[in-house]
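Please look it over first; the notes below then take it topic by topic.

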Amino acid sequence: MDWLTLFEISLTGLASGGLYALAALAFVMVYKATRVVNLAIGEMLMAGAYLFFTFAAMFALPIWLAIPAAVLAAGVLGGVIERTMIRPLLGEPPISVFMVTIGLGSVLVGLVEVIWSADQRRLPDFMPSDPIMVGEAFLAPKVFWGAVIAAVFIAAVLLLFRFWRGGVALRATASDQAAAYSVGINVPRVFSLSWVVGAMIAAVS
């Protein structure tokens, strides 16, 4: 293996890692705020992709409208999941909520198969297709632009955590739920917020 090939593989790995980091951020957001290990995060990501397919391919909405519509719909899905499946288990042993998220993954897969069938679907092309060259190394355009989008959204989330009131409430709840209650933070609402935002980040990923 020559150095150019090694450099190309390394670039692809780093760029692809950005998308995994974005999905991991969705996972960590729910865990830090609620202490729930959400093993259905992959299926929530899948749901975001199918929602985008629905708006962009089936409803033929323009891409600039289909993307935010899919992200917002994923947020609604996250809120419904938290309110109907997770909140009733507050105070229960962590293993109970853990098992619910495993079942949730199966439910989401089943819903996708019922609504969209198990056939393969192709998302509309909406990213630039011109090859990306870093020196003499080639980087697939979808990988490159996916990494750029991931970096932008991760930076945006960090800024929101720093300056947005809801982000501060999320950080406070993650640090100490009892202390958050004592200063007037609505912790159940923060739980809902974490699931909504986590689902939206998963959809973006």
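Leaving aside its neighbours within four places in sequence, which residues is Ile 201 in contact with? They are Leu 22, Leu 25, Ala 26, Met 29 and Val 157. The model is predicted, and the mean pLDDT of the protein is 85.

**Confidence**

- In this protein, 100% of the residues reach a pLDDT of 70 or more.
- Among the elements, α3 has the highest mean pLDDT, at 93.
- The lowest mean pLDDT, 75, belongs to strand β2, residues 137-139.

- Helix α8 covers residues 187-204 and contains Ile 201.
- Ile 201 has a relative accessible area of 8%; buried means under 20%, so Ile 201 is buried.
- Between the C-alpha atoms of Ile 201 and Ile 154 there are 9.2 Å, while the two residues stand 47 residues apart along the chain.
- Ser 194 also has its place in helix α8.
- The relative accessibility of Ser 194 is 0%, and Ser 194 therefore counts as buried.
- Not counting residues up to four places away in sequence, Ser 194 touches Met 29, Val 30, Ala 33, Thr 34 and Leu 170.

**Helices α2 and α3**

- Helix α2 runs over residues 41-58 and helix α3 over residues 63-86.
- The two helices pack at an angle of about 140 degrees, and their axes are 8 Å apart.
- Angles over 145 degrees count as roughly antiparallel and those of 65 to 115 as roughly perpendicular, so α2 and α3 are oblique to each other.
- The crossing in which α2 passes α3 is right-handed.
- On the α2 side, the contact is made by Met 44, Ala 47, Gly 48, Leu 51, Phe 52, Phe 55 and Ala 56.
- On the α3 side, the residues in the contact include Ile 63, Ile 67, Leu 77, Gly 78 and Ile 81, along with alanines such as Ala 66 and Ala 73.
- By class, this contact of α2 with α3 has 15 nonpolar and 2 polar residues, and no charged ones.

**Glu 43 in helix α2**

- Glu 43 lies in helix α2.
- With a relative accessibility of 23%, Glu 43 counts as partly exposed.
- Apart from neighbours within four places in sequence, Glu 43 is in contact with Gly 105, Leu 108 and Val 109.
- Glu 43 and Phe 191 are 148 residues apart along the chain, and their C-alpha atoms are separated by 20 Å.

How values were computed
Residues are numbered from 1 along each chain as its sequence is written. This is a predicted model: local features need pLDDT of at least 70, side-chain atom pairs count only at pLDDT 80 or more; totals for chains, interfaces and linings use all residues. Side-chain values use heavy atoms; hydrogens and water are left out. Axes are lines fitted to C-alpha atoms, for helices over the stretch in contact, and angles run from 0 to 180 degrees between N-to-C directions. Helices (H or I, at least four residues) and strands (E, at least two) are DSSP runs, numbered from the N terminus. Angles under 35 degrees count as roughly parallel, over 145 as roughly antiparallel, 65 to 115 as roughly perpendicular and the rest as oblique. A crossing is left-handed if the near helix is turned anticlockwise from the far one by less than a right angle, and right-handed if clockwise. Contact means heavy atoms within 4.5 Å. Ala, Val, Leu, Ile, Met, Phe, Trp, Tyr, Cys and Pro count as nonpolar, Asp, Glu, Lys and Arg as charged, and the others, Gly among them, as polar. pLDDT is the predictor's confidence in each residue, from 0 to 100. Buried means under 20% relative accessible area, exposed over 50%, partly exposed in between (1.4 Å probe, protein chains only).
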